[in-house]
Amino acid sequence: MSARQVISLGCRLNHAESERIAALVDGERDLVVVNSCSVTREAVRHTRQAIRRARKANPDARLLVTGCAAETEREALSAMEEVDGLVGNGAKLDARSWNLPEPQVPLRQAGTRAFIGVQNGCDHSCTFCSIPKGRGASRSDPVSTVLQAVEARLAEDVKEIVLTGVDLTSWGHDLPGEPRLGTLVGAILDRFPQLPRLRLSSVDGIEIDDRLFELIASEQRLMPHLHLSLQHGSDLMLKRMKRRHSRSQALSLVAQLKQRRPDLAIGADLIAGFPTEDASHHADNLSIIAECQIVHGHIFPYSPREGTPAARMPQLDRQTIKARAAELRSAVRRTRDAWLESLIGHEYEVLAEKDGSGYTPHFARVALPEGTAPGAIVTIRPTRIIEGMLA
């Protein structure tokens, strides 16, 4: 059997759910689970590759596929001879879906940081995205449920909690009173003063409420690392994507937050080669990287998803898309390199991971002294950069 009983692909929410699935199926030696992703055609290709590799490594195991691709690519994955069955995205955290008894003890997750999914699904209709088909409507975990999950992880001596969701900043819209994400973040920080580090996964800047803004700007235990679901730097492309923010709104949000908290590190998702994108739109996409000082960039070459409005728009050729994605990555690399240089010589509290590295509060990766215990928070003053990592 492969040591990896659950193979996780895609977003942080998927990885958080994979840890819970791993706890559910722990001890089932003849079961392998592929928790899939379908956000792009490339992600689907990686899912199929992972299935084939898992079957080759585990020829006699029961191989089940869950995740978004199990919903959006159901027919194609069911036809793969390597696959024994599919488990729907909405059922994958139910022990009965894996033909297992309900767990009698709290589920433990392994790791130095704990990813806690607090929201799932999406009510928006971005023209490029198939996630609503794979994840369903937006739904939020109540505050009490989240607090219980945080308490359980702190009891395991976890030093950092990461809140995740498909559309994290829509948390609360479906709950009584329609609370906002700032309410939840504030409740966690108030309830657990012993929690050293709280981090957010990707957020939609247009949905940052006043309390959340204030916490990001001033609360030291909320890590100075904001990853925006930006998608593009051109207003026309944003409109055709059916995004709800403009370029100027994104720039204003970053400027206001960095004025209050200058060490805030900005990350962003950006799509290269969206249908109808011309050279001027691409230039806007490039320029927003420097204007927002994006140092954690996730660049996605556009790929059409069947059934989405963008797939019916005039498409760019793959070579142009690939070249523009490379330009965006180079622009992020330049911004990131300058940022890393600015961190040299200063002291940072670094959370140690299992691989001998760790992360500063603003998510810069740091090489740690040999023997540093995973999960420890150590003070490091980096003196150089080695292959994109502080040391």
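Me: Are Phe274 and Tyr302 buried or exposed?

Reply: In this predicted model, Phe274 is buried, and Tyr302 is buried as well.

Me: Which parts of the chain does the pair of Phe274 and Tyr302 tie together?

Reply: Phe274 belongs to the loop between β10 (265-272) and α11, while Tyr302 belongs to the loop between β11 (294-301) and α12 (318-343); the pair therefore ties together parts that are 28 residues apart in sequence.

Me: What are the distance and the angle for Tyr359 and Phe363?

Reply: The rings of Tyr359 and Phe363 are stacked, at 4.3 Å centre to centre and with 10° between the planes. Tyr359 and Phe363 are both buried.

Me: Which residues line the largest cavity, and of which classes are they?

Reply: The lining consists of Leu200, Ile216, Leu222, Met223, His225, Leu226 and Leu264. Six of the lining residues are nonpolar and one is polar, with no charged residue.

Me: Where is Ile216 found, and what does Ile216 contact?

Reply: Ile216 sits in helix α8, which covers residues 210-218. Because its relative accessible area is 4%, below the 20% cut-off, Ile216 is classed as buried. Apart from neighbours within four places in sequence, Ile216 is in contact with Ile208, Leu222, Leu226, Leu257, Arg261 and Leu264. For a sense of distance, Ile216 and Asp84 are 45 Å apart in space, C-alpha to C-alpha, and 132 residues apart in sequence.

Me: Which residues touch the most other members of the largest nonpolar core?

Reply: That core has 51 residues, and Ile161, Leu163, Val185, Ile188, Leu198 and Leu226 touch the most other members. When residues up to four places away in sequence are not counted, Leu226 touches Val203, Ile208, Ile216, Leu257, Leu264, Ala265, Ile266 and Gly267. There is also a second, separate core of 18 residues, including Cys37, Ala61, Leu63 and Met80.

Me: Where is Ala325 placed, and which residues does Ala325 touch?

Reply: Ala325 lies in helix α12. Its relative accessibility is 0%, so Ala325 counts as buried. Beyond residues up to four places away in sequence, Ala325 touches Ala272, Ile299 and Pro301. Ala325 and Ile271 are 54 residues apart in sequence, with 7.8 Å between them in space, C-alpha to C-alpha.

Me: Why does His282 count as buried, and what surrounds His282?

Reply: His282 counts as buried because its relative accessibility is 6%. The residue is part of helix α11, residues 279-291. Setting aside neighbours within four places in sequence, His282 is in contact with Glu277, Arg324, Glu327 and Leu328.

Key:
Residues numbered from 1 in each chain as written. Predicted model: local features only at pLDDT ≥ 70, side-chain atom pairs only at ≥ 80, totals over all residues. Heavy atoms only, no water. 1 Å grid on protein atoms, 1.4 Å probe; cavity = no way out; pocket = protein on both sides within 12 Å on 5 of 7 lines; lining within 4 Å. Nonpolar A, V, L, I, M, F, W, Y, C, P; charged D, E, K, R; others polar. Core = buried A, V, L, I, M, F, W, Y, C linked by side-chain atoms within 4.5 Å. Buried < 20%, exposed > 50% of the residue type's maximum accessible area, 1.4 Å probe, protein only. Contact = heavy atoms within 4.5 Å. Helix = DSSP H or I, 4+ residues; strand = E, 2+ residues; numbered from the N terminus. Phe/Tyr/Trp six-rings, centres within 6.5 Å; stacked < 30°, edge-to-face > 60°.
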